Amino acid sequence: GVIRSHMPDTVKDQYADAGYDPTRPHQQSIHEIMDEYSLLRLMRCLSAGSRALRNSDYADTGTRHELLGQLLEGFEELTKVLVALAPVMADQGKVSLQGASFFLTEEVKSVDEAKRAIYVVQLLPWNVVDWYMDDIYSAKMGPLFYKHLENLDADLASYLMHILIARKRPNGWEKQIEKMIVGEHKNSFYLSDMYQTLKSEYQYSFSTSATLDKMERLIKMSAAKHRLGAKKPNKKLLDRVPDSVLPERVESDD
């Protein structure tokens, strides 16, 4: 009633100011950002956290393991969100959610429509690792990764780390990947996907002859486990896997 009356403006302003909350507009902005851009914030935080871990040489071991655990949980959650979005991406070629946008390449779009969604899902773990591996990795990170895997129960988080190990190959990488292959079921998605990851690295990576020999053995071990069902295929079984499972190397012009 005071606002609508003929009282002086100074009196009206006093009544208006009495109920004014100066923090309210800022609170609304913060909530809007948190609600509408939470996925983008997660992705940015994962990048920042990965760089912090890579440069944490002087932090205590417990803190480093705690940060790595949080990062893996974030990578896992991001992958799950992308899996949920995969049908939309496959159908429309792109999707946006909470400040983040994702697009399919022309190569993926060319895949038969009936198979495209499954193909996109198969690519997602590889892509999530690809986005962050240069942020998180240094040659000295191998022991931390291997030790952390000993007590990691989450299958997807563990697999994402194994992709990172297979692609960056710190000292002892082949033993860790072999351990992962042996531990998987012969028909598991993770075994199949690691097989494809190793083949891609064999085909395109800059690698020495010794590293390629290790990849060849692991590729054949994955194939032998799937085809023959042996828990840990020995040399005799590996010799039964034809060289045709190995992709042709693509050498750089440089």
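Predicted model: local features only at pLDDT ≥ 70, side-chain atom pairs only at ≥ 80, totals over all residues.
Residues are numbered from 1 along each chain as its sequence is written, and side-chain values use heavy atoms, without hydrogens and water. Local features need pLDDT of at least 70 and side-chain atom pairs count only at pLDDT 80 or more, while totals for chains, interfaces and linings use all residues.

**View 1. Packing of helices H4 and H7.** Helix H4 (residues 61–92) packs against helix H7 (residues 142–150) at an angle of about 70°, and the axes are 11 Å apart. H4 is therefore roughly perpendicular to H7 (65 to 115 degrees). Axes are lines fitted to C-alpha atoms, for helices over the stretch in contact, and angles run from 0 to 180 degrees between N-to-C directions. Helices (H or I, at least four residues) and strands (E, at least two) are DSSP runs, numbered from the N terminus. H4 contributes Arg64, His65, Leu68, Gly69 and Leu72 to the contact, and H7 contributes Leu144, Phe145, Lys147 and His148 (contact: heavy atoms within 4.5 Å).

View 2. Strand E1 (residues 94–97) and E2 pair in the antiparallel sense over four bridges (pairing: at least two bridges found by DSSP). Lys94 has Phe103 of E2 as its bridge partner. Two residues lie between the strands, and Gln98 takes a positive phi near 50°.

**View 3. Helix H11 and its end.** The 20 residues of H11 (residues 209–228) should span 28 Å at 1.5 Å a residue, which agrees with end C-alpha atoms 28 Å apart (expected span: 1.5 Å times one less than the number of residues). After H11 comes Gly229, with a positive phi near 80°.

Methods
Parallel < 35°, antiparallel > 145°, perpendicular 65-115°, else oblique.
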